[in-house]
Amino acid sequence: MCKEMDNDMDQILTDEELKAAATDDIESVADEAKNEKAEKEGEPRQHTVVVAEDESVNRMDLVAMLEDNGYKVVGEAANGEEAVELTRKFHPDVVCMDVKMPRMDGITAAGTICDENLAPVVMLTAYSQPDLVKQATGAGAMAYVTKPYEESKLLPALEVAMGRFAEINDLLDTVEANEGKLKEAESQLKEAEEKLKKAEDTLEERKLVDRAKGLLMDKADFSEQGAFRWIQKTSMDQRIPKKRLAMAIIAKYGDPKPEPKQR
């Protein structure tokens with residue numbers, strides 16, 4: 001019993017953890033409101049970043065460099081799993097992701113983030129090996145920067161990644177909108193075809209009924225109104241479509257088809 005209570009207590013967040021979580025949410029909402037206000041007033045929007053680097057000194061230097069250049073670091077991760085969680089939580093404008101990290105490497109984490117279309121990823125690596133770059137690109141990374149981090153390399157890479165990400169999402173939005181229009185057009189075309197088919201069937205039925213009515217008037221001494229009422233009543237009573245009934249009347253009273261001429 002005591003062991004079960006200990007396990008339950010381990011799952012309960014402390015006051016400090018609850019306060020920290022609430023603070024993060026409040027700051028996130030406040031930052032978003034601030035950015036929206038800036039956009040409305042024509043001011044440049046402050047871009048948000050998640051930094052994933054397992055070496056704390058490198059991470060601190062990178063965070064300082066980003067903040068000095070107007071970026072807001074909303075999350076810091078020491079491994080790939082944390083990077084994915086923080087990206088899902090904050091939806092930053094860009095993620096700086098180290099390749100070599102514990103628990104989940106940067107390329108795997110970048111693949112998850114890109115598959116979920118959460119944010120563009122800039123890979124950070126001490127290597128410029130072609131196969132590593134190919135893996136990073138295959139995972140969906142928009143750009144990569146080799147260490148040591150320099151503003152002249154990092155900042156343009158961030159802009160390129162965000163620009164490519166925006167272009168891709170605009171393209172996806174366009175494709176989705178076009179698909180929606182295509183489906184709507186197909187639906188309208190199908191509806192128009194059904195209406196046309198119904199109109200054609202109605203016209204054909206009317207012609208057959210008129211011919212059958214004329215034959216009843218000619219062959220069975222019906223009045224025009226009496227012939228129509230007889231067709232209508234018989235169709236209802238016998239549950240036979242008027243078109244089929246009219247065809248049967250025409251087959252019975254109509255002129256026989258001419259026999260083919262013998263040679």
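**Figure 1. Overview of the predicted model.** A residue counts as buried when its relative accessible area is under 20%. R59, at 15%, is therefore buried. The model is predicted. Of its 263 residues, 31% count as buried. The protein has 9 helices and 5 strands. From the N terminus on, these elements run α-α-β-α-β-α-β-α-β-α-β-α-α-α. Among contacts between residues at least 6 apart in sequence, 60% join residues at least 24 apart.

**Figure 2. Confidence along the chain.** The average pLDDT of the protein is 81. A score of at least 70 is reached by 79% of the residues. Residues 1–13 stay under 50. For that stretch the model has 1 contact beyond four places in sequence. Where pLDDT is low, the predicted coordinates should not be read in detail.

**Figure 3. The five-stranded sheet.** The sheet is open, and its 5 strands stand in the order β2-β1-β3-β4-β5. Pairing is parallel. β2 and β5 hold the edges with a single partner strand each, so one side of each has no neighbour in the sheet. On average, neighbouring strands are turned by 20° against each other, direction ignored. β3 and β4 run parallel and are joined by 4 bridges. M97 has its bridge partner in β4, namely M123. Helix α3 lies across β1, β2, β3 and β4. Against β2, α3 runs at about 165°.

**Figure 4. The largest nonpolar core.** This core has 24 residues. Those with the most contacts inside it are A52, V95, M97, I107, I113, V121 and M123. Two or more residues each come from β1 (48–52), α4 (80–90), β3 (94–98), α5 (106–115), β4 (121–125) and α6 (130–139). Helix α5 gives the largest share, 5 residues. A second, separate core has 23 residues, among them M65, Y71, C96 and L154. In soluble globular proteins, nonpolar side chains tend to be buried together.

**Figure 5. Close-up of V95.** Neighbours within four places in sequence are left aside here. The remaining contacts of V95 are V50, T87, I113, A119, P120, V121 and V122. V95 is also listed with I113 and V121 among the residues with the most contacts inside the largest core.

**Figure 6. The E76–R59 salt bridge.** A search of the whole structure finds 11 salt bridges. In one of them, E76 pairs with R59, and the closest N and O atoms are 3.5 Å apart. E76 lies in strand β2 (residues 72–77) and R59 in helix α3 (residues 56–68), so the pair ties together parts that are 17 residues apart in sequence. E76 is partly exposed, at 44% relative accessibility. R59 is buried, at 15%.

Figure 7. K147 forms a salt bridge with D98. Their closest N and O atoms are 3.4 Å apart. K147 sits in the loop between β5 (143–146) and α7 (151–219), and D98 in strand β3. The two are 49 residues apart, and the pair links distant parts of the chain. K147 is partly exposed, with a relative accessible area of 23%. D98 is buried, at 4%. Salt bridges that share partners join E53, D98 and K147 into one network. The peptide bond from K147 to P148 is cis, with omega near 0°. P148 is found in the loop between β5 and α7.

**Figure 8. The E224–K213 salt bridge.** Here the closest N and O atoms are 3.4 Å apart. E224 lies in helix α8 (residues 224–238) and K213 in helix α7, so the bridge ties together parts that are 11 residues apart in sequence. E224 is partly exposed, with a relative accessible area of 48%. K213 is buried, at 13%.

**Figure 9. Two loop residues with positive phi.** Most residues other than glycine have a negative phi. H91 has a positive phi, near 45°. H91 lies in the loop between α4 and β3. With 48% relative accessibility, H91 is partly exposed. D221 is not a glycine either, yet its phi is positive, about 55°. D221 is placed in the loop between α7 and α8. At 73% relative accessibility, D221 counts as exposed.

Notes: Residues numbered from 1 in each chain as written. Predicted model: local features only at pLDDT ≥ 70, side-chain atom pairs only at ≥ 80, totals over all residues. Heavy atoms only, no water. Core = buried A, V, L, I, M, F, W, Y, C linked by side-chain atoms within 4.5 Å. Buried < 20%, exposed > 50% of the residue type's maximum accessible area, 1.4 Å probe, protein only. Contact = heavy atoms within 4.5 Å. Salt bridge = Lys/Arg side-chain N within 4 Å of Asp/Glu carboxyl O. pLDDT = per-residue confidence, 0-100. Pairing = 2+ DSSP bridges. Axes fitted to C-alpha atoms, helices over the stretch in contact; angles between N-to-C directions.
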